[in-house]
Amino acid sequence: MSMAFLRDDAEGEKPRRDYGLPDKSDPDFDRVAAQALLEAARVGETELAERATGYYWGEASLRPYVEVMLQAAEKAGDDRLEQVARRFLR
(Lines give C-alpha, C1' and ligand atoms only; values in the text may rest on other atoms or scores of the structure.)
Protein backbone atom coordinates (compact mmCIF):
# COMPACT_ATOMS: atom_id res chain seq x y z
CA MET A 1 0.00 0.00 0.00
CA SER A 2 1.24 3.47 -0.78
CA MET A 3 2.33 5.60 2.17
CA ALA A 4 0.10 8.33 0.75
CA PHE A 5 -2.91 6.50 2.17
CA LEU A 6 -1.64 6.18 5.72
CA ARG A 7 -2.35 8.80 8.37
CA ASP A 8 0.81 10.33 9.83
CA ASP A 9 -0.94 10.79 13.16
CA ALA A 10 -2.61 7.38 13.35
CA GLU A 11 -3.36 6.40 16.93
CA GLY A 12 -4.14 2.74 16.38
CA GLU A 13 -7.32 1.76 18.17
CA LYS A 14 -7.43 4.84 20.41
CA PRO A 15 -10.49 7.00 19.73
CA ARG A 16 -10.11 10.68 19.00
CA ARG A 17 -11.90 12.74 21.62
CA ASP A 18 -13.42 16.15 21.59
CA TYR A 19 -12.59 17.72 24.94
CA GLY A 20 -14.67 20.82 24.25
CA LEU A 21 -11.56 22.98 24.21
CA PRO A 22 -11.97 26.61 23.25
CA ASP A 23 -9.46 28.29 20.96
CA LYS A 24 -6.00 28.57 22.54
CA SER A 25 -6.35 32.35 22.51
CA ASP A 26 -9.44 32.10 24.74
CA PRO A 27 -8.64 33.25 28.29
CA ASP A 28 -10.51 30.20 29.64
CA PHE A 29 -8.38 27.71 27.67
CA ASP A 30 -6.08 26.77 30.56
CA ARG A 31 -8.98 26.04 32.93
CA VAL A 32 -10.70 23.83 30.36
CA ALA A 33 -7.39 22.14 29.51
CA ALA A 34 -6.83 21.29 33.18
CA GLN A 35 -10.33 19.85 33.37
CA ALA A 36 -9.73 17.81 30.21
CA LEU A 37 -6.50 16.37 31.60
CA LEU A 38 -8.17 15.31 34.85
CA GLU A 39 -11.23 13.85 33.15
CA ALA A 40 -9.00 11.93 30.73
CA ALA A 41 -6.91 10.61 33.63
CA ARG A 42 -10.11 9.43 35.29
CA VAL A 43 -10.58 6.97 32.40
CA GLY A 44 -6.95 6.28 31.52
CA GLU A 45 -6.64 8.51 28.45
CA THR A 46 -4.12 11.07 29.66
CA GLU A 47 -2.01 10.83 26.51
CA LEU A 48 -4.94 11.80 24.32
CA ALA A 49 -5.72 14.83 26.47
CA GLU A 50 -2.07 15.86 26.43
CA ARG A 51 -2.13 15.80 22.64
CA ALA A 52 -5.39 17.72 22.48
CA THR A 53 -4.41 20.41 25.00
CA GLY A 54 -0.72 20.74 24.29
CA TYR A 55 -0.02 20.44 28.04
CA TYR A 56 1.74 17.60 29.81
CA TRP A 57 0.50 15.93 32.98
CA GLY A 58 1.58 17.99 36.00
CA GLU A 59 1.99 21.27 34.06
CA ALA A 60 2.83 23.91 36.67
CA SER A 61 0.76 26.65 35.01
CA LEU A 62 -2.40 24.53 35.43
CA ARG A 63 -1.93 23.92 39.18
CA PRO A 64 -4.26 26.73 40.33
CA TYR A 65 -7.12 25.29 38.25
CA VAL A 66 -6.46 21.76 39.50
CA GLU A 67 -6.41 22.98 43.12
CA VAL A 68 -9.88 24.49 42.63
CA MET A 69 -11.09 21.23 41.05
CA LEU A 70 -9.63 19.26 43.96
CA GLN A 71 -11.58 21.37 46.45
CA ALA A 72 -14.77 20.90 44.43
CA ALA A 73 -14.17 17.12 44.23
CA GLU A 74 -13.69 16.96 48.00
CA LYS A 75 -16.96 18.83 48.60
CA ALA A 76 -18.83 16.67 46.10
CA GLY A 77 -17.37 13.42 47.43
CA ASP A 78 -15.94 12.57 43.99
CA ASP A 79 -13.17 10.25 45.17
CA ARG A 80 -11.80 9.44 41.72
CA LEU A 81 -11.48 13.08 40.66
CA GLU A 82 -9.91 13.85 44.03
CA GLN A 83 -7.40 11.06 43.46
CA VAL A 84 -6.33 12.18 39.97
CA ALA A 85 -6.16 15.83 41.08
CA ARG A 86 -3.84 14.89 43.95
CA ARG A 87 -1.65 12.93 41.54
CA PHE A 88 -1.49 15.92 39.20
CA LEU A 89 -0.37 18.17 42.05
CA ARG A 90 2.48 15.90 43.21
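**Helix packing and aromatic pairs in a predicted model**

At 17% relative accessibility, Y55 counts as buried.

User: Which residue forms an aromatic pair with Y55, and how is the pair classed: stacked, edge-to-face or tilted?

Analyst: A pair of aromatic rings is described by the distance of the centres and the angle of the planes. For Y55 and F29 the ring centres are 6.3 Å apart and the planes stand at 40°. Planes under 30 degrees apart count as stacked and those over 60 as edge-to-face. The partner is therefore F29, and the class is tilted.

User: How many residues apart are F29 and Y55, and where does each lie?

Analyst: F29 belongs to helix α1, whereas Y55 lies in the loop between α2 and α3. The pair thus links distant parts of the chain, with a separation of 26 residues.

User: Is F29 buried or exposed?

Analyst: The relative accessible area of F29 is 5%. The cut-off for a buried residue is under 20%. F29 is therefore buried.

User: How are helices α1 and α2 oriented to each other: roughly parallel or roughly antiparallel?

Analyst: Helix α1 covers residues 29-42 and helix α2 residues 46-53; their axes are 8 Å apart, at an angle of about 165°. Angles over 145 degrees count as roughly antiparallel. The crossing is right-handed. The two helices are therefore roughly antiparallel.

User: Which residues of α2 make the contact with α1, and how many residues of the contact are nonpolar?

Analyst: On the α1 side the contact involves F29, A33, A36, L37, A40 and A41. On the α2 side it is made by T46, A49, E50 and T53. By class, two residues of the contact are polar and one is charged, while the nonpolar ones number seven.

User: Is W57 buried or partly exposed, and what is the relative accessible area of F88?

Analyst: With 29% relative accessibility, W57 counts as partly exposed. F88 is buried, its relative accessible area being 1%.

User: What is the order of the elements from the N terminus on?

Analyst: The protein has four helices and zero strands. From the N terminus on, the order is α-α-α-α.

Notes. Residues numbered from 1 in each chain as written. Predicted model: local features only at pLDDT ≥ 70, side-chain atom pairs only at ≥ 80, totals over all residues. Heavy atoms only, no water. Axes fitted to C-alpha atoms, helices over the stretch in contact; angles between N-to-C directions. Parallel < 35°, antiparallel > 145°, perpendicular 65-115°, else oblique. Left-handed = near helix turned anticlockwise from the far one by under 90°. Contact = heavy atoms within 4.5 Å. Nonpolar A, V, L, I, M, F, W, Y, C, P; charged D, E, K, R; others polar. Phe/Tyr/Trp six-rings, centres within 6.5 Å; stacked < 30°, edge-to-face > 60°. Buried < 20%, exposed > 50% of the residue type's maximum accessible area, 1.4 Å probe, protein only.
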